[in-house]
Structure formats: C-alpha cells, structure tokens
Amino acid sequence: MEHRMDKLACGLRIHSLCAGNGKLPPLILLHGYPANALLWRNCIPKLAEHFCIYAPDLPGHGESDKPLDVDYDLDFFVGFLEEYIQMMRLPSVNLAVHDLGGVPGLGFVTRNPSMVTKFIVMDTIPYVEWSKLLHLIVNRAKSPFWSRWLLFQPIFRRVLKQISVFSPQSITSETAEIYRKPWVRNGDTRKAFCKVVAMPPEKIVVPRKHLMDIPVPTLILWAQNDLILKPAIAKKLQSDIPDATLKIIDRCGHFLQEEHPEKVTEHMLCFLLKN
C-alpha cells in the first residue's frame, strides 16, 4: 500500500492509502468514526488484485486535515468526495462506505448516480431515527469533558472492545492505537474528535425519498451483532434502495472489516466482479 497526501481544490490536505494498478477499475473505500483508512488495511491487498484502491482518511480523521472552522455536515462531506474524485481524475468509481463514511457516500450517489458503477454500504447511518446507544455515544464523543476520558488509552480500547466487535479479542492494544493516536497528537486534534460528530442527524443524512431513487446496483453488507446500528436498519435500507441486495455476516460487530476481513472482502468481490 502507498501512503499519499494530496491537496483538494478547497485547500484541504487529504491522506490516502492507495494500492493496485491504475489501469484497473477504481474502488473508493470510506471509513467511519472514530476510525481512519487503516480500517480497510486487511481488505485492501485482495481487493487490489482486481481494483485500483483509493482509501482516504475523511476530513477531520487520521492523517488528513482537521479543520475546526467548518460544519461537518452532509454538504461538507459530499463536497469533499466530489473534489477527491475530481482530483484523482476518476470519471466513475465503485464506492464502498462504512459508518460515518456513509454520509458522503449516500450523499454522493444520490447526487451523482451516473458516476457510481456499484455501491456497497456497511453498517452506516441512513436515517434520522437513531438508537439510544448511538445518541449516547455521539453525545459523549462531542462533549469536551467526556471526550477527554474517551481518548484515555485504556478507556478507548475498552469501549472499542465492548461496542465495536462481537469478539473482544479482535481489538488488541495495537489495533486500538491505530485509531486513537491521530486524535491525541495535540489540542486541535482532540477538538476535532468532538467536532466531526457535532452535527445532529438531520444535518448529515440524505432524505429518505432520495434513497428510493438510487439507480445504482447496491450491496448492503451488515454485521449481525452490531450493537450500534442493528440489522433492522439494513433491512429497511434494502427496501428503500430499488436495486439492493442484503448480506448479513454472523458473529460480527460494527467494525466488520476488523473482525472478519476475509468474509467482507469475499462478499465485496463477489458483488463487484459479477456482471
């Protein structure tokens, strides 16, 4: 995998993991919160045998810029993805999204459907109706007081073990640090940890009526044991997107790429390579 840093037209510097031959069809992978592009690290090698991979750190995450003077809402995230695709000179893409990555992903595919060949949605937030647990997590994360505790190393690791996976051993100390370290470098990165989840649901989700107009072949890949975003959301999303297929991964929590990367990759390739 290649690490690269690029500047968007808006001035934001975006870090990406890239892999694969540039002559292969492009596949963009978007992670969620509080992760970064390394969430896909165990999926990328196999995917790169068939696709040219672009896995950016979302603005506010990982090694990308973390502006504190913007609203991290739907328009901001979609604008980022539009500029990113333009910068990479990609006329069309395959797109896979997870968690907060579903905000730019769903926004982009509803606004630019002709530019997306195939679309994969994993454990994301497509509706304004959030569970009590999701509200609790977000309210804690966006609080300067509570976020200090959440970013304390043992607590951050414990929270990931308790709510992001089905099998706690999937989150080692080293794994947790992959996601925690970019947030704790300085005061501004700690502020970004709060800022990127400060928007209410109605400011980041696509109106449901637009989901029903998505014409792109779509795979909804979901974790059976996701405590944050339960499979009922996936089933509702399948009923809303006209050309959508649903696959559930058993004994798997919210970070399905971390817990079952082989199964995730297998499902992705089966869908993406099917004519």
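Trainee: Which residues in H6 meet which residues in H7?

Mentor: Bear in mind that this is a predicted model. On the H6 side you have Gln 153, Phe 156, Arg 157 and Leu 160, and they meet Ser 173, Ala 176, Glu 177, Tyr 179 and Arg 180 in H7. By class, the residues of this contact are 4 nonpolar, 2 polar and 3 charged.

Trainee: How do I read the way H6 and H7 pack?

Mentor: Two packed helices are described by the angle between their axes and the distance between the axes. Here, H6 and H7 (residues 173–180) pack at about 105°, and their axes lie 10 Å apart. Angles of 65 to 115 degrees count as roughly perpendicular, so H6 and H7 are roughly perpendicular to each other.

Trainee: And empty space? What lies in the largest pocket, and what lines it?

Mentor: Rolling a probe the size of a water molecule over the atoms shows where empty space is left. In this model, the largest pocket holds about 730 Å³ of space. It is lined by 35 residues, and the closest to its centre are Ile 137, Val 138, Ala 141, Val 159 and Ile 163. Helices H4 (132–141), H5 (144–150) and H6 (153–163) each give two or more residues to that lining, with the largest share, 7 residues, coming from H4. The lining has 30 nonpolar, 3 polar and 2 charged residues.

Key
Residues numbered from 1 in each chain as written. Predicted model: local features only at pLDDT ≥ 70, side-chain atom pairs only at ≥ 80, totals over all residues. Heavy atoms only, no water. 1 Å grid on protein atoms, 1.4 Å probe; cavity = no way out; pocket = protein on both sides within 12 Å on 5 of 7 lines; lining within 4 Å. Points joined across faces, edges and corners; volume = space filled by probe spheres on them. Helix = DSSP H or I, 4+ residues; strand = E, 2+ residues; numbered from the N terminus. Nonpolar A, V, L, I, M, F, W, Y, C, P; charged D, E, K, R; others polar. Axes fitted to C-alpha atoms, helices over the stretch in contact; angles between N-to-C directions. Parallel < 35°, antiparallel > 145°, perpendicular 65-115°, else oblique. Contact = heavy atoms within 4.5 Å.
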